[in-house]
Amino acid sequence: MNAEMIAALRELEREKGVAFETILQGLEEAMASAYKTWWKQENPDADDDFVGFRAEIDSESGDLRMWKQDLEEIEVPPTEEGAEPTLEMKVLGEEEVEVTDDFKGRIGAQTAKQVIFQKLRDAEREMTYEEFAGREGDVVTGIVQQQERRYTLLDLGKVEALLPQAEQVPTEPYRHGERLKAYITEVRKGTKGPQIVVSRSHPGLLKALFAMEVPEVEEGIVVIKAVAREPGHRSKIGVLSNEPGVDPVGACVGPKGSRVRMVVNELRGEKIDVVPWSDNSAEFVANALQPAKVKEVRIDESTGTAMVIVPDYQLSLAIGKEGQNARLAARLTGWRIDIKSETQVADEARAGTAAAAAQAAPAEPAADEVVSEPSEPAEAAPESVEPDAPAEAAEEAPVTE
């Protein structure tokens, strides 16, 4: 070590952002360890179990000084109840030893080189982690580098992001070299640097993409209050405007559908319904079932059920293909949705009236008394759709933007 080395470390601090004190401390620890190894080679018969060394490097001149320490093993009582005591080495005394020119030259230079490179790698990893720490919820653009059965790697420039299979969209193929937007779900420290986990199926990706394409969403004029998504197939978002003069649905759809089309293209054809959000539960449920027209919504807060009555010709549209429209509406609103046609409701009403009349009639009617005919059996009503339960099959519904 010399003054030129100290100057180089100062320059390294300015260029790479690695603290000079951090490198100096690392060098002192590495020099002490290297000196013990060298001392053991020079004294093969010596007992080195209770011998240690401490190094000190002058931060101005770079001079290296070394102290030999006599150590003793002591037992440290546990700090937590039930834990085992631990052993550590206690310094009984130390004396300065002369560092030979051979050690300073050959071994010292090699040790310094290793420590500096290691500190640089650690510093770069730390800076990369700091760059991404706290960015959960952001959207990043990466290039597909490697695709395995369990994961896909995205090159973000300084670091690679992990796209696990569970966070992928099953209908999306990922080709090597293509650009891909992804949603950051987790940033954590790893042994080989920061680990960034991203998702293509997270509902947050949909909200973030709208924020990128719709200025009103980015500025907070239009708020996406709720998102229900079946990745790769179809999604619904409930939007609200904070300014009376701004149409939230029109802002998200854009002129001739240009804005929502950009989001659809990024999600590779995933259909998106943009519906008005309302704090009136019945109104919001009716909006969530768009493009179907709803005649009436009856809310039962005690059971968390919304019974929806639609015209007969709108029944299949309200339920959607394989129950998708009703299922997404239930997830979007948080209500258990029961959809019935007008005919089904009328038949149930007639059946209820007939049953009530039968109960009110005398217990043993006369033989010649005319008995009213039973009403026609009602058609089987569709099963109720819970927020996270699949619905039964129905015809495919058109999609609104």
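1. A definition to start with: two strands pair if DSSP finds at least two bridges between them. Keep in mind as you read that this is a predicted model.

2. With that in hand, look at strand β10 (residues 234-241), which is joined to β11 by 6 bridges, the two strands running parallel.

3. Zooming out, β10 and β11 belong to an open sheet of 3 strands, ordered β9-β10-β11, and the pairing is mixed. The edges are taken by β9 (222-230) and β11 (271-276); each has a single partner strand, so one side of each is left without a neighbour in the sheet. Ignoring direction, neighbouring strands here are turned by 20 degrees against each other on average.

4. What lies across β9, β10 and β11? That is helix α8 (residues 281-288), which runs at about 155 degrees to β11.

5. Now for a helix pair. Helix α4 (residues 203-213) packs with helix α7 (residues 258-266) at an angle of about 135 degrees, and their axes are 9 Å apart. Angles over 145 degrees would count as roughly antiparallel and 65 to 115 as roughly perpendicular; α4 and α7 are therefore oblique to each other. The crossing of α4 past α7 is right-handed.

6. Which residues make this contact? On the α4 side they are Leu206, Leu209, Phe210 and Glu213, while α7 brings Arg259, Val260, Met262, Val263 and Glu266. Sorted by class, the contact of α4 with α7 holds 6 nonpolar and 3 charged residues, with no polar ones.

Key. Residues numbered from 1 in each chain as written. Predicted model: local features only at pLDDT ≥ 70, side-chain atom pairs only at ≥ 80, totals over all residues. Heavy atoms only, no water. Axes fitted to C-alpha atoms, helices over the stretch in contact; angles between N-to-C directions. Helix = DSSP H or I, 4+ residues; strand = E, 2+ residues; numbered from the N terminus. Parallel < 35°, antiparallel > 145°, perpendicular 65-115°, else oblique. Left-handed = near helix turned anticlockwise from the far one by under 90°. Contact = heavy atoms within 4.5 Å. Nonpolar A, V, L, I, M, F, W, Y, C, P; charged D, E, K, R; others polar.
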